[in-house]
Amino acid sequence: MSAFQFRTVPHLIVEPGAAAQLGTHIAHHFPSVRRALLVTDAGFLRTGLADAPLHSLQSAGIEVHVFSDVQADPPEAIVLAGVAQAQMFHVELIIGLGGGSSLDVAKLIAVLAPGHQELAQLYGIGNVHGQRLPLVQLPTTAGTGSEVTHIAIVTTGATSKMGVVAPQLYADLAILDASLTLGLPPAVTAATGIDAMVHAIEAYTSRLLKNPLSDMLATQALSLLSNNLVTACRDGSNVPARQAMLLGAMLAGQAFANAPVAAVHALAYPIGGLFHVPHGLSNALVLPHVLRFNLSHAAPLYAQLATILQPGIAGSEEARAVALIEAMQEIAVATGIARTLREVGIAAGDLDRLADEAMLQTRLLGNNPRPVTRADARAIYAAAL
């Protein structure tokens, strides 16, 4: 067995209704904290689902300031506005409550609020120094797995994205409460769920850091997600399905935090950056085409994953690997999400620009089972058109 390291969030609470006890949990973990910043987006705040956690914090004697300016693909200005608010109110703890964007912004506020570093100094791998503020994460989608990853993605220009990757971004506590996801519309449930499945698949086939723990997490994640996604889309009030989705997304997050994602994400990022397509949907659009491209190098692993989606599947290794791709396409059909780039406003004339942008994602492309050239990237986009 190859040597490996594994890191994750030290404390997880997986319980429907746990968000309503947020104040109690924080008082237990951080008894001296009196001021907190809750990081979310205006849309989630409007659902009313933040009311119970906020009331719980106030009942525990914690003064809460709400920063609700987060938007999808958050730009640097949003992060810096959140940092300014945290510093102005002298908060002692950061709470992320939302989808991946809110959780990512919460990580960066926790790191930057003490004032040790500037945002521009953090980009890349291992560039965070010094102590951050305590950090608690509550995901409201299932999802990015951001509550258990050490990665935050920021939009740095009109279209470009940069990543901050550092162990300080792991939260102190993550709470998975399905009641926070009950308001998600089917399209968002589908896109975020397939995003989580991509995390599991790419972690399982990651070229450099794949390990027995990440494999175990990825396979369990794929089982939970594939068995509950369509149910959660069709009946959004099904709490057991929603809780299974949250757990699956978290397990996939733990897997890819340690065995990083690859070409699906590398090709998805430019779709989101250039055309403002939600991240999960961007992944779903290129997934089957990247999997086909990787068949020559990853068929044995894809064949193993196919048995999770189709227990008892027979046939050759190649046939089972192809069956994985077909099963993922069937899930996309069953959930009703967009399946071609044209459906999200991308035309043939955009493919060269997409391919150029994808080749800048060197951190991700290096993890892919098969090397990806610019011509390969363009061909994959063309297949997805």
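**View 1. Strands E5 and E8 run parallel and are joined by two bridges.** Strand E8 covers residues 161-165. Ile 125 stands opposite Val 165 of E8. The model is predicted: local features need pLDDT of at least 70, side-chain atom pairs count only at pLDDT 80 or more, and totals for chains, interfaces and linings use all residues. Residues are numbered from 1 along each chain as its sequence is written, and side-chain values use heavy atoms, with hydrogens and water left out. Strands (E, at least two residues) and helices (H or I, at least four) are DSSP runs, numbered from the N terminus. Two strands pair if DSSP finds at least two bridges between them.

**View 2. E5 and E8 belong to an open sheet of three strands.** The order is E5-E8-E7, and the pairing is mixed. Strand E5 (124-125) and strand E7 (151-155) are the edge strands. Each of them pairs on one side only.

**View 3. Six strands form an open sheet with parallel pairing.** The order is E1-E9-E6-E4-E2-E3. Strand E1 (12-14) and strand E3 (63-67) stand at the edges with a single partner strand each, so one side of each has no neighbour in the sheet. Neighbouring strands are turned by 15° against each other on average, direction ignored. Angles run from 0 to 180 degrees between N-to-C directions, and axes are lines fitted to C-alpha atoms, for helices over the stretch in contact.

**View 4. Helix H4 packs on the six-stranded sheet.** Four bridges join strand E2 (residues 35-39) to strand E4 (residues 93-98), and the two run parallel. Val 39 stands opposite Gly 96 in E4. Helix H4 (residues 76-88) touches E2, E3 and E4. The direction of H4 makes about 160° with that of E3. Contact means heavy atoms within 4.5 Å.

**View 5. Asp 104 forms a salt bridge with Lys 107.** Their closest N and O atoms are 3.8 Å apart. Both residues lie in helix H5 (residues 100-112). They are three residues apart, about one turn of the helix. A salt bridge is a side-chain nitrogen of Lys or Arg within 4 Å of a carboxyl oxygen of Asp or Glu. By this rule there are seven salt bridges.

**View 6. Helices H7 and H11 pack with their axes 10 Å apart.** H7 spans residues 212-234 and H11 residues 317-335. The angle is about 10°. The two helices are therefore roughly parallel, the term for angles under 35 degrees. H7 contributes Leu 229, Val 230, Cys 233 and Arg 234 to the contact. H11 contributes Ile 331, Ala 334 and Thr 335.

**View 7. UniProt lists a domain at residues 189-384.** The unreviewed entry names it "Fe-containing alcohol dehydrogenase-like C-terminal". UniProt positions are given in the numbering used here, feature names are shortened, and annotations may be inferred rather than shown by experiment. The span is 74% helix and 0% strand. Its end C-alpha atoms lie 22 Å apart.

Notes
Angles under 35 degrees count as roughly parallel, over 145 as roughly antiparallel, 65 to 115 as roughly perpendicular and the rest as oblique.
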